[in-house]
Amino acid sequence: MTKKSRVPAGSLGKSDANSRVCLRGWVNRRRDHGDLVFIDLRDRSGITQVVFDAQFLPSPELLERAKELRSEFVLEVEGEVILREKEAINPDLKTGEIEVRATGLEILNRAETPPFPIEDEVRASEDLRLKYRYLDLRRPEMTRNFILRSDVTYRVRQLLHAEGFLEVETPILTKSTPEGARDFLVPSRIHRGKFYALPQSPQLFKQLLMVSGLERYYQIARCFRDEDLRADRQPEFTQIDLELSFPDEEDIYELIEKLFVAVFPPNGIPCEAPFRRMKYAEAMERYGIDRPDTRFGLELSTLDASASPSEILKKAQIVKGFAVPGGAGFARKRLDDLEFQAKNLGAGGLIWIKLDASLPGGWNSNAKKVLNEETIAAFRGKLQAADGSLLLVVAGKEKSVNDTLSTLRAQIGREEKLIPEGRYDFLWVTDFPLLEWHEDDGRWYATHHPFTSPKPEDLDYLETDPGRVRARAYDVVLNGMELGGGSIRIHRQDVQSRIFSRLGIGPEEAREKFGFLLDAFRYGAPPHGGLALGLDRMLMILAKAGSIRDVIAFPKTASGTCLMTESPGPVASDQLTELGIQIRPPQAGS
């Protein structure tokens with residue numbers, strides 16, 4: 001039997017008129033007009049209208065079979081491509097100028113009525129869509145997302161291959177080195193009481209590949225973190241992971257900008273290199289966040305409260321604020337909501353000041369007891385606020401002040417429609433602090449990870465003034481979203497040991513956790529550095545998707561569950577016994 005050559009349904013057009021074709025796919029819709037039955041046949045490439053016309057069918061039986069068709073039946077159709085009448089052309093359909101006049105039909109499989117329509121404007125809840133994800137992925141919008149995903153990874157591989165990178169797979173089962181997020185642990189059956197960990201990233205292995213002399217590595221890597229979830233975070237995710245030997249920061253910037261230029265413009269997002277650069281200290285001062293959205297104003301400034309009649313305000317660690325042009329017209333309820341939100345974000349409160357020449361003294365505020373004319377003038381001058389503006393001010397510890405104001409800035413920017421549509425601002429944030437102090441346990445932690453190289457000129461401060469040491473680290477940011485980050489790594493054993501010591505990791509602990517890396521450094525580790533890009537986040541932007549789950553084939557919910565497979569789930573007691581594991585009931589209060 002000669003196999004029929006299948007033609008993608010969405011590929012047909014005027015040039016195919018009068019040709020005979022074989023289509024295979026799903027019934028998207030059926031319309032029965034007696035002696036005429038129309039179906040929209042859908043496959044991955046698109047939709048084509050097929051007509052079963054009694055006067056052209058080889059037998060009446062074929063028309064009766066066409067009348068049996070229902071949504072999502074799987075078909076093979078043979079027929080002739082014909083041009084539609086001018087008045088029947090569908091301009092909304094890529095194949096709208098033609099249709100296929102059927103001469104043959106085979107029902108390859110029947111289908112039950114799906115729990116929601118297979119169409120883009122679906123009103124089903126996300127939970128229902130995730131439960132029947134294999135049906136949700138049939139929707140053209142979702143299919144397009146995964147065609148895009150495949151295209152992007154192909155372009156990335158092409159570019160990195162041309163740049164001399166080798167694609168190397170690193171282990172999924174590895175050693176637990178919990179210095180960042182929580183590890184997912186995997187018990188070993190053979191080695192009872194011992195565990196593998198799923199990798200949070202290929203960090204250590206890619207550094208070892210540089211020691212191995214491979215010089216340029218990349219991987220489309222699966223990574224796992226046992227963290228609390230949110231809209232743009234999943235317990236398992238994909239990153240474009242790369243590392244190269246003998247680089248400086250400029251080599252990394254140039255490479256990633258070249259990669260973005262290869263990926264974003266073909267998908268309708270302008271991307272011009274070189275990207276703007278901003279130091280961490282500047283980002284925190286002006287925006288209160290290390291991944292600022294630079295598409296709009298409302299910039300933050302540190303304010304002088306020395307003239308305030310309030311000792312609390314004068315003695316605050318920092319006082320910062322921003323001005324909202326025209327914000328003096330905000331209703332009292334909206335201001336109360338902003339104040340309530342500020343307190344929920346950890347601030348002691350929110351001072352609002354309306355600048356309005358029609359008011360007594362030209363201003364009004366919810367904190368008149370801590371303000372005076374001199375303080376208002378100082379605030380107004382620093383924020384360059386015109387009449388009619390609203391000043392929002394927070395005082396307290398620096399982190400809390402920045403967290404609160406950066407969140408309010410982003411919210412007001414959205415609500416006031418200050419963010420230009422269609423604008424994309426790419427940005428490098430550089431010169432991060434190497435270490436950060438955690439008051440809860442009174443110790444220093446690595447801002448990124450303990451393998452990040454300090455700036456050579458700051459190394460002498462490591463023991464005497466650790467907070468002053470800057471890292472050779474960098475993040476790439478787009479419109480307030482971090483797309484990736486990396487650093488130049490430590491490649492000398494003596495420097496790595498000093499960092500471990502500053503982090504409170506003694507020689508024995510360092511040997512236990514990272515002995516293999518420290519040993520490798522003894523055998524000629526080259527200077528090296530790299531970066532990891534969040535592929536899922538990039539695709540969410542490229543697809544203009546509402547959620548990161550829309551660009552992941554089988555994602556988890558916000559609670560980390562898979563509604564389709566009902567995982568995580570229990571396992572049989574004999575499996576636990578074989579692994580030497582006993583499940584204890586939760587203790588009271590846990």
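Two strands pair if DSSP finds at least two bridges between them. Helices (H or I, at least four residues) and strands (E, at least two) are themselves DSSP runs, numbered from the N terminus. The structure is a predicted model, in which local features need pLDDT of at least 70, side-chain atom pairs count only at pLDDT 80 or more, and totals for chains, interfaces and linings use all residues. Residues are numbered from 1 along each chain as its sequence is written, and side-chain values use heavy atoms, with hydrogens and water left out.

Begin with strand β14 (residues 351–355), which pairs with β15 in the antiparallel sense over three bridges. Here Leu 355 stands opposite Trp 363 in β15. Both strands belong to an open sheet of five strands with antiparallel pairing, in the order β12-β13-β16-β14-β15. β12 (301–302) and β15 (363–365) stand at the edges with a single partner strand each, so one side of each is left without a neighbour in the sheet. Strands of a sheet pair through backbone hydrogen bonds, either parallel or antiparallel.

Helix α9 (residues 332–344) lies across β14 and β16 (390–396), running at about 150° to β14. α11 also packs on the sheet, touching β13 (318–324) and β16, and its direction makes about 10° with that of β13. For these angles, axes are lines fitted to C-alpha atoms, for helices over the stretch in contact, and angles run from 0 to 180 degrees between N-to-C directions. Contact means heavy atoms within 4.5 Å.

Helix α11 holds Asn 402. Is Asn 402 buried or exposed? Asn 402 counts as buried, because its relative accessibility is 2%; buried means under 20% relative accessible area, exposed over 50%, and partly exposed in between (1.4 Å probe, protein chains only). Leaving aside neighbours within four places in sequence, Asn 402 is in contact with Met 284, Gly 288, Leu 300 and Lys 320.

On a 1 Å grid over the protein atoms alone, a pocket is an open set of points with protein on both sides within 12 Å along at least five of seven lines, a cavity is a set of points where a 1.4 Å probe fits but cannot get out, and lining residues have an atom within 4 Å of a point. Grid points are joined across faces, edges and corners, and a volume is the space filled by probe spheres set on the points. The second largest pocket holds about 770 Å³ of space. It is lined by 28 residues, and the closest to its centre are Asp 293, Arg 295, Arg 414, Asn 479 and Gly 480. α11 gives the largest share of this lining, six residues. α11 and α14 (535–542) each supply at least two residues.

In the hairpin of β20 and β21, which has two residues between the strands, Asn 479 takes a positive phi near 50°. β20 and strand β21 (residues 481–488) pair in the antiparallel sense over six bridges, and Leu 478 has Met 481 in β21 as its bridge partner. Strand β17 (residues 426–430) also pairs with β20 in the antiparallel sense, over five bridges, and there Trp 428 has Val 476 as its bridge partner. Six of the six residues of β20 (residues 473–478) are buried, so this strand is largely enclosed by the rest of the structure. Ala 473, Asp 475 and Val 477 are buried on one side, and Tyr 474, Val 476 and Leu 478 on the other.

In the loop between α5 and β9 lies Glu 215, which has a positive phi of about 70° although it is not a glycine.

A search of the whole structure finds one cavity of 30 Å³ or more. The largest cavity has a volume of about 50 Å³, and the residues that line it include Leu 130, Arg 133 and Phe 554.

Finally, two peptide bonds deserve a look. The bond from Ala 273 to Pro 274 is cis, with omega near 0°, and Pro 274 lies in the loop between α6 (249–263) and β11 (276–279). The bond from Ser 567 to Pro 568 is cis, with omega near 0°.
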